[in-house]
Structure formats: C-alpha cells, structure tokens
Amino acid sequence: MPIELHDVDGGASGGAGVGHVHGSQSRDFANMPSDPSSQRSSVDPIDSGHPSPHVHYALNLDTTQPLNRVDTENAFSPGIRRRITRAATFRTVSDFEDFSERPGWRPGAEPGVDPSKPDGGHGSMTTLRAPCDITVVDFSEDHIEKTLFHNETLNEFLDKPQPPWVKCRWINVNGLSWDVIQTLGHHKNLHRLAIEDIMNTRNRTKAEWYPTHAFIVLTLQKLVRRCNPDDEHSDSDEDDATSHISSRSAFSGRRVRHIKRALRRMNKFFKERTGSATDPSGLENGDGPYPQKDPEDEQKLPPFESQTTGLSGLSESEPGPEYRTLQGYHASPNLAWTKYMEKNSALASKKLDVACEQVSMFITNDNTIISFFEQSAQDIEEPIVSRLQTNDTITRQSCDASMVGHAILDAIIDLAMPVTTCYSDVIDDIELDVLNRPDISQTKKLYIVVSEINKMHSFITPITTLIQALRDHKTDIALDTAMQKILDPKHPAIITTQTYMYLGDVLDHCVLITDALDKLKGTADGMIDLIFNTISANQNESMKQLTTATIIFLPLTFITGYFGQNFTDFNMLEWGVGFFWQIAVPVVVLTILILLREAIYDYFKALLGRRYISGLKDRSRRRRSRKRR
C-alpha cells in the first residue's frame with residue numbers, strides 16, 4: 001500500500017511510506033486506508049508566493065492484500081502515537097417506567113386525553129379502572145333528590161333529559177375510573193387537558209378557565225388512624241406482662257411505652273416465624289418474605305389499610321392501593337425512603353397518619369358541579385348534603401354551583417385543621433423533653449416534624465392562591481341577574497358575588513392554618529438550635545471545670561516533681577510535710593490569680609453591678625413609700 005505525500009507545489013514522491021516536507025524533514029507512516037481521489041494542495045493565505053508548511057497525504061489503498069494487526073503496529077514510527085482510548089458512547093433511555101412518576105407517560109406524547117376515543121387518544125395510556133360510588137344531588141329552593149349510581153348505570157342516567165324543576169346539580173364521584181371519567185367528559189364536553197389532570201394524581205393546586213367550564217384541582221389532607229389487626233390481641237397480652245412493672249418500679253411512662261413496643265414486636269416476630277407460610281413472590285420482587293394473607297382476613301382489615309381506589313391502573317379484581325400518606329404523596333419512586341419516613345413519622349407514636357389525595361372539580365356553564373375524589377368523597381358529601389336537605393340554608397336557597405364548590409373547599413380546609421392541632425401537640429411533647437433533658441437524638445424527630453410541616457405548608461399555601469384566583473373571577477353583575485345567567489348555558493361559568501363573599505371565610509381559615517404551621521416550624525427550628533447550644537454549653541462547662549482543676553493541680557504537680565528529684569544533698573526533705581505546703585499553697589494561689597484573673601475580674605464586676613442595681617431598686621422603693629405617707 002504505497003503512500004504519496006504532496007507538498008504545496010504539487011510534487012509527489014512515491015515510495016514505501018516516505019513523505020518529503022519542506023525543510024528536508026521526513027516521516028514514515030503506516031499503511032492506512034483512504035480515498036485515492038482525496039488530494040488537494042493548500043496555499044498560504046497571507047503570502048501566496050511562499051509555500052505553506054501544511055502538507056496533504058494521499059493514501060492509496062490496495063484492497064487485494066489483507067491488513068494484519070501486526071503490520072499496523074510495526075509500521076508506525078515512534079513519532080506517531082496511537083490513540084489508546086475511545087470516545088464515550090451514550091444511548092438514550094427508552095424505558096421510562098423506572099424513572100417516570102406517571103404510568104404510561106412517554107416524551108412527546110399528545111397532550112390531553114380525548115374522551116371521545118376509547119383509549120383517550122393514547123395507545124400507551126394505562127387502564128384506570130375502579131368501582132366508583134357516584135352520588136347525584138338535584139335540588140332547587142323547594143325540592144331535592146339524591147340518587148346513587150355506579151359505573152354501569154351512570155351513562156343511562158345522563159342520557160335522560162334533566163327535569164325542569166332542577167336548578168342545580170351536583171355529581172360527586174368517589175374513585176377514579178376511566179369509564180366514568182370518559183362518560184362525564186363526553187356528556188359535559190370537558191376539556192381534554194382537564195381530563196388528563198384528573199387522571200394524573202400528582203398535579204399542582206390550580207384553577208383553569210375553559211369556554212364551557214372552570215376546572216379546580218387541589219390536595220385534601222386529613223387525619224387517619226393506623227390500625228393493626230394484631231393490636232387487639234397484643235395489647236391484652238402486653239397489659240398483663242407490664243402490669244407488675246408499673247406497680248413495682250418507678251419507670252416513667254416513656255419507659256413503659258418502650259417496653260410495650262418491644263413486646264409487641266417480639267409477639268409479631270414469633271407469629272410470623274411460627275404462623276403462616278411465606279409468599280415466594282415477595283422474594284422475587286425483592287420485598288423479602290412476608291406471610292400470605294387469607295382472603296377472609298383481607299375483608300376484616302381496618303379502613304386505613306383496606307380501602308381501595310384503583311389508582312395506578314389496576315383492574316377491578318386486583319386490590320387497590322392504600323391511602324397515600326403525607327410522605328408518599330408526590331414522593332419519588334424510591335420506596336425504601338417512603339417506607340422509612342412513614343415508619344418514623346412524627347404521628348407514628350400516636351398511631352395516626354396524614355392521608356393526602358387529589359380533589360378535582362368542574363363548575364360548568366349549565367349550573368352543574370362535578371367533583372372527583374380518590375377515596376374521601378363520603379367525608380365531604382355527608383355534611384354538605386345535610387345542609388342541602390335543610391330548606392333555609394344559604395347553599396340550598398342560592399341554587400348556585402359555585403356555592404356548592406365553596407362548601408367543598410370549606411370542608412377540605414376544615415379537615416386540615418385537626419392535622420395542625422395534632423402536630424402542635426407533638427411539638428409540645430418534644431418541647432417538654434428538650435427543656436427537661438436535651439439530647440442529640442431529639443433533633444432527628446424535629447427534622448422529621450419540620451419536613452412534614454413543610455409538606456403541609458406546600459399543600460395549604462397554594463390553596464390560598466387558588467381561593468384568591470377564584471375571587472378575582474367574580475362577576476360584577478347583580479345577584480338577581482347573575483342567577484339568571486347561571487341557568488343560561490350560553491354564558492361561561494361564573495363566580496357570583498355571594499360566593500366571592502363566602503370564599504373570604506375559607507381564605508381566613510387557610511391563613512390561620514398557614515400561620516399556625518409557620519409558628520410550629522419556627523418552634524421546631526428553635527428547639528434544634530436550643531439542643532445544639534445546650535450541648536455545646538455543657539461541653540464548654542465541662543472543659544471549664546477540667547481547666548480549673550488543671551490550673552489548681554499544675555503547680556502542685558510541679559512542686560511534687562521538684563521535691564522528688566534524686567539530689568545527693570537535698571536537706572529540705574528533712575524539714576517535713578509542712579514545708580511542702582508552705583511553698584505549695586502560695587504558689588497555687590498565685591497561679592490561680594494569674595491565670596484566672598479575667599474570670600475573677602468579671603465575677604466581681606458583675607457582683608458590684610448587681611449590688612448597685614439592687615441599691616437603686618431599694619431607694620426607688622423607699623421613695624415611693626415616702627410619697628404614699
């Protein structure tokens with residue numbers, strides 16, 4: 001494979017890999033494949049009269065002879081070094097199931113969900129299916145009807161014309177299922193972006209206005225009680241096992257609780273080891289061995305552990321997820337972090353949790369309000385229906401869908417108030433422990449409390465902005481005229497002046513909760529600072545005491561070492577112990593005065609200052625007594 005080297009003059013010299021460059025320099029090059037036609041000459045752009053130092057290599061490849069690796073390694077001269085590394089290669093991630101928080105999501109997908117298509121316009125959309133409890137409340141000033149439906153019977157009801165006496169309709173859906181969402185979306189002409197937000201239960205709190213309806217989404221928080229089916233059996237055994245402890249010893253309440261917790265864990269451990277068999281599927285999934293559940297026992301689980309919604313695309317035959325806790329809501333796919341934070345929650349000692357779920361509402365232009373809950377529709381529905389069944393209530397007499405929306409918002413905020421009170425109780429308990437005996441382990445509890453309070457704050461604060469946005473969209477039309485436009489489908493959804501007024505009360509409740517959370521957070525942060533400052537002060541005091549002891553015994557150690565020398569003629573040892581103390585005491589006193597002079601000066605200065613202030617108070621007290629006489 002001969003290599004030709006062309007200089008700037010166009011000359012070529014053939015040979016066995018020898019190239020001539022200006023300046024009588026030569027190099028040997030390996031036989032490398034190239035295109036024979038790729039030959040060009042370069043000219044100096046500054047001075048075309050002088051040749052350019054650049055050279056061009058024309059490589060002629062002979063394909064008849066194979067190229068061996070040994071030949072290429074031996075053909076290179078020491079002046080040419082071969083690249084020993086290769087450029088980094090990357091490959092785009094195509095499987096997003098492990099990295100996305102939305103099932104079925106892929107980049108570049110069509111925005112929104114079309115209710116007119118069976119698959120919503122997305123071939124990769126997960127099937128969202130769950131049994132839903134649907135309540136339809138039709139009412140006017142004089143009459144009210146409440147009807148219950150399920151997934152299969154809702155479509156037939158919506159196809160019927162609305163009775164003429166109905167002025168306002170409330171459709172309350174408990175559970176998220178694609179067939180129900182599709183039916184309501186197609187019947188009420190709901191926007192495809194809003195439907196997508198319903199199915200994605202990780203949205204931010206917001207209010208959006210479309211031509212035929214207003215869309216509202218927010219987060220509901222409420223207290224739920226942790227229920228364990230083994231608690232009833234374990235509590236009786238623990239009470240018998242710990243009764244003699246509380247009667248014969250002076251253990252505190254905390255120590256007894258620790259012992260009860262340890263006994264409960266031991267009891268549960270032995271039941272798992274000697275009870276039922278383990279599920280091998282848990283080992284394959286990396287979840288560890290867990291006892292299999294009996295279908296009959298599954299029905300006896302408490303509400304917090306057994307209620308289902310079918311959120312993550314589960315079929316009707318599969319069990320749905322539990323309540324999403326405060327730690328699990330908007331959490332990352334890292335399940336280990338979520339489980340750890342739930343186990344060490346600030347409310348775990350009280351057997352309580354904060355359940356969170358997304359609530360979506362539509363206020364349509366035909367005076368209909370549609371609300372979607374994941375699980376807690378009954379908690380909101382009961383008090384509002386009770387008010388609607390009373391003729392003289394404001395919500396009933398107004399026949400306004402926006403007033404029903406106000407009632408839902410008010411009930412959601414009311415459910416969040418006990419959560420704030422519970423966290424206040426937890427903070428008070430930790431504060432008592434910190435004031436009595438601060439310990440570094442308490443900072444862990446306070447950190448978890450602060451993180452949970454921050455999550456609560458992130459849920460409540462956007463609701464404040466949401467309510468302000470709803471108040472900004474109030475109509476300036478008089479209430480009587482607004483009520484006529486509410487019943488006219490040609491006008492968009494409006495917020496009446498009456499709803500604007502009552503939304504101010506909900507806004508006040510949100511501000512109160514936000515202020516309370518800020519106060520609790522500030523208290524927790526202050527306790528963290530107090531713990532570290534107290535521990536640092538105690539360490540400094542200990543070092544101060546050690547320093548004082550060192551100062552006192554330093555001269556004694558020196559004098560003792562001096563008298564302990566093995567001198568040949570040392571007659572002072574015959575003078576007795578009294579002579580030692582005659583020297584040691586003055587030296588110790590002098591050393592203390594020299595090394596602790598600033599501390600002694602500050603002490604006497606503070607003592608004189610306190611005496612001076614006390615004298616001023618005494619003179620002022622005597623002066624007031626003389627004036628009274």
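**View 1. Helices α3 and α4 pack against each other in this predicted model.** Helix α3 covers residues 178-188 and helix α4 covers residues 192-199; their axes lie 11 Å apart at an angle of about 160°. Axes are lines fitted to C-alpha atoms over the stretch in contact, with angles running from 0 to 180 degrees between N-to-C directions. The two helices are therefore roughly antiparallel to each other, a label for angles over 145 degrees. The crossing of α3 over α4 is right-handed, meaning that the near helix is turned clockwise from the far one by less than a right angle. Look for W178, I181 and G185 of α3, which meet I195, I198 and M199 of α4; contact here means heavy atoms within 4.5 Å. Helices are DSSP runs (H or I, at least four residues), as strands are (E, at least two), numbered from the N terminus.

**View 2. C168 sits in strand β8.** The strand spans residues 168-174. Is C168 buried or exposed? C168 is buried, with a relative accessible area of 1%; buried means under 20% relative accessible area, with a 1.4 Å probe and protein chains only. Leaving aside neighbours within four places in sequence, C168 touches V137, D138, F139, N367, C399, D400, A401 and V404. Although C168 and V137 are 31 residues apart along the chain, their C-alpha atoms are separated by 8.3 Å.

**View 3. The largest nonpolar core holds 66 residues.** Such a core is a set of buried Ala, Val, Leu, Ile, Met, Phe, Trp, Tyr and Cys residues joined through side-chain atoms within 4.5 Å. W170, L218, I408 and Y423 have the most contacts inside this core. Helix α13 (residues 401-436) gives the most to it, with 16 residues. Beyond four places in sequence, Y423 touches L326, A346, L347, V354, E452, I453, M456 and L520. Another core lies apart, with 27 residues, among them V113, C132, I181 and Y210.

**View 4. Residues 231-253 have pLDDT under 50.** pLDDT is the predictor's confidence in each residue, from 0 to 100. The model has 20 contacts for this stretch beyond four places in sequence. Residues 271-321 are also below 50, with 71 contacts beyond near neighbours in sequence. The chain mean is 75, and 64% of residues reach 70 or more.

**Notes.** Residues are numbered from 1 along each chain as its sequence is written, and side-chain values use heavy atoms, without hydrogens or water. In this predicted model, local features need pLDDT of at least 70 and side-chain atom pairs count only at pLDDT 80 or more, while totals for chains, interfaces and linings use all residues.

Note on methods: Buried < 20%, exposed > 50% of the residue type's maximum accessible area, 1.4 Å probe, protein only. Parallel < 35°, antiparallel > 145°, perpendicular 65-115°, else oblique.
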